[in-house]
Amino acid sequence: MDGVEPGTPCWADLATPGLDDAKRFYPELFGWTGRMAAEPTAGGYTTFLKDGRAVAGAGPPAAEDQVPVWSTYVATDDADLVATRVEAAGGQVVVSPFDVLDQGRMAVLSDPAGAVFSVWQPMAMRGAELFNAPGSMCWNELVTPDPEGAKDFYALVFGWHPEERAAGPVTYTGWRCGARIVAGMLPQLEPLPEDLPAYWSVYFAVEDADATAARAAELGGTILVPPRDNPAGRSAALRDPQGALFSVTALR
């Protein structure tokens with residue numbers, strides 16, 4: 001694959017003060033191997049590989065008081081333009097656009113409800129090299145107390161069109177970008193974690209959601225939402241030992 005179309009999630013990484021612990025936990029959970037960046041300025045940033053292909057990353061937090069968090073990166077051909085649109089649409093530029101060595105240009109942004117996400121303008125690094133296979137990213141989902149505001153915001157920022165579909169008792173929103181549904185939005189069903197006013201959840205595909213959740217707990221993580229069936233498969237929401245939230249899905 002040559003990289004991901006603009007407006008499509010292309011990468012996920014973990015910002016955590018417990019980088020050494022993350023490099024133990026995730027490889028044991030997902031069968032990843034870690035490759036640390038050689039550049040001293042990268043702060044020990046590690047790219048996780050599955051079967052030799054890049055699937056996600058982990059590095060130190062940007063600020064000392066930042067909670068450990070998985071970030072969704074959306075591909076763009078102009079990170080600066082996206083940052084301008086975010087401010088115009090009522091969001092915030094958390095970290096202004098900057099070049100990551102020769103790899104790409106990125107910015108950290110948040111929507112009006114406080115959900116943080118990043119954009120990636122690729123140069124040498126196109127994004128993940130594997131999707132929708134066990135051990136790789138398979139979905140990205142916004143959980144927010146303000147779905148109507150989010151529809152307006154992401155339409156202005158990425159040109160996404162919301163498409164509603166019933167999923168049991170709730171209405172699920174898919175975000176359409178061009179010909180594809182690229183991400184989703186879940187209305188707030190349960191009280192949000194105190195440290196996350198609204199958030200983008202990163203889903204990783206697994207062979208068996210129940211076994212993965214049990215293994216995460218054995219490795220020192222927490223099962224936040226036990227495995228349950230949904231239209232896409234069987235999913236669970238987990239926290240790693242440092243408290244970073246992520247989800248797993250055994251795809252149908």
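This passage covers the nonpolar cores and the salt bridges of a predicted model. Residues are numbered from 1 along each chain as its sequence is written, and side-chain values use heavy atoms, without hydrogens or water. Local features need pLDDT of at least 70 and side-chain atom pairs pLDDT 80 or more, whereas totals for chains, interfaces and linings use all residues.

A nonpolar core is a set of buried Ala, Val, Leu, Ile, Met, Phe, Trp, Tyr and Cys residues joined through side-chain atoms within 4.5 Å. Buried means under 20% relative accessible area, exposed over 50%, and partly exposed in between (1.4 Å probe, protein chains only). The largest core holds 29 residues. Tyr 26, Phe 30, Trp 32, Trp 70, Phe 204 and Phe 246 touch the most other members. Elements giving two or more residues include α1 (19-30), β1 (9-15) and β16 (245-251). Helix α1 gives the most, with six residues. Another core, of 24 residues, lies apart and has Leu 109 and Val 182 among its members. Helices (H or I, at least four residues) and strands (E, at least two) are DSSP runs, numbered from the N terminus.

Ten salt bridges were counted, each a side-chain nitrogen of Lys or Arg within 4 Å of a carboxyl oxygen of Asp or Glu. Lys 151 and Glu 148 pair at 3.0 Å, N to O. They sit three residues apart in helix α3, about one helical turn. Lys 151 is buried at 14%; Glu 148 is exposed at 52%.

Glu 163 and Arg 176 form a salt bridge at 2.4 Å. This pair links strand β10 to strand β11, 13 residues apart.

Arg 215 and Glu 218 meet at 3.1 Å, N to O. Glu 28 joins these two residues in a network of salt bridges.
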